[in-house]
Each structure stands twice: as structure tokens, then as C-alpha cells.
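Please read them alongside the structure.

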Amino acid sequence: MIRNYLTQLNVEDVTPREKFELDEALHREIHAAFRTDEIRRDPPTSQDEMRVGMCYFHETIWNGVPLFCVAL
């Protein structure tokens, strides 16, 4: 996905809004990659699951709602 976002950012006719959305998606993918442990040594605790869920909530709801409202 990161490669696709970077490729799309280099297209000449990308609009400022599309660039912003691609930057945000790229940001989310990079953060998700750093949060992901490729091999889990221990099963996740309920606190771990809650923390990950809240990260996705903050990254999608708080960033997505204003974009949605602008699109209306």
C-alpha cells in the first residue's frame, strides 16, 4: 500500500485535495507498520486491543469526519 500511495503522489494531475488524502493514508500506513509486530511472542492483552482500537478510532473518525463534512 505504501508503494501505491507514493506512486499516486507522483502523478502530475493530482489535485491538492487528493494529495492531502494520499498524505493522510500514507501517514496511517506508516504508523500501522511501526505498530505491528510481525511475530507476536505473547497474545495481546485486552489493554493492547483497546489501545489499537483507539488508535484506529482517532485516525479514522477525527480525520475522516471533517473530510466528510467538507465533501457535503
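1. Threonine 60 is a residue of helix 3, which covers residues 46-71. The model is a predicted one. The relative accessible area of threonine 60 is 41%, and a residue counts as buried under 20% and as exposed over 50%, so threonine 60 is partly exposed.

2. How do helix 2 and helix 3 lie relative to each other? Their axes cross at roughly 175° and come within 12 Å. Angles over 145 degrees count as roughly antiparallel, and the two helices are therefore roughly antiparallel to each other.

3. On the helix 2 side, the contact with helix 3 is made by Arg17, Phe20, Glu21, Glu24, Arg28, His31, Ala32 and Arg35. The residues they meet in helix 3 are Cys55, Tyr56, Glu59, Asn63, Leu67, Val70 and Ala71. By class, this contact of helix 2 with helix 3 divides into 7 nonpolar, 2 polar and 6 charged residues.

4. Helix 2, residues 16-35, also packs with helix 1, residues 2-9. Here the angle is about 160° and the axes are 10 Å apart. That angle makes helix 1 roughly antiparallel to helix 2. The crossing of helix 1 past helix 2 is left-handed.

5. Which residues of helix 1 meet helix 2? They are Ile2, Tyr5, Leu6, Gln8 and Leu9. Their partners in helix 2 are Lys19, Leu22, Asp23, Ala25, Leu26, Glu29 and Ile30. The contact of helix 1 with helix 2 has 8 nonpolar, 1 polar and 3 charged residues.

6. For the chain as a whole, the secondary structure comes to 3 helices and 0 strands. Read from the N terminus, the order of elements is α-α-α.

7. On overall dimensions, the chain has a radius of gyration of 15 Å, whereas a compact globule of 72 residues would have one near 11 Å. The C-alpha trace spans about 45 × 30 × 10 Å along its principal axes. Of the 72 residues, 8% count as buried.

Notes
Residues are numbered from 1 along each chain as its sequence is written. This is a predicted model: local features need pLDDT of at least 70, side-chain atom pairs count only at pLDDT 80 or more; totals for chains, interfaces and linings use all residues. Side-chain values use heavy atoms; hydrogens and water are left out. Axes are lines fitted to C-alpha atoms, for helices over the stretch in contact, and angles run from 0 to 180 degrees between N-to-C directions. Helices (H or I, at least four residues) and strands (E, at least two) are DSSP runs, numbered from the N terminus. Angles under 35 degrees count as roughly parallel, over 145 as roughly antiparallel, 65 to 115 as roughly perpendicular and the rest as oblique. A crossing is left-handed if the near helix is turned anticlockwise from the far one by less than a right angle, and right-handed if clockwise. Contact means heavy atoms within 4.5 Å. Ala, Val, Leu, Ile, Met, Phe, Trp, Tyr, Cys and Pro count as nonpolar, Asp, Glu, Lys and Arg as charged, and the others, Gly among them, as polar. The radius of gyration is taken over C-alpha atoms; the globule rule is 2.2 Å times the number of residues to the power 0.38. Buried means under 20% relative accessible area, exposed over 50%, partly exposed in between (1.4 Å probe, protein chains only).
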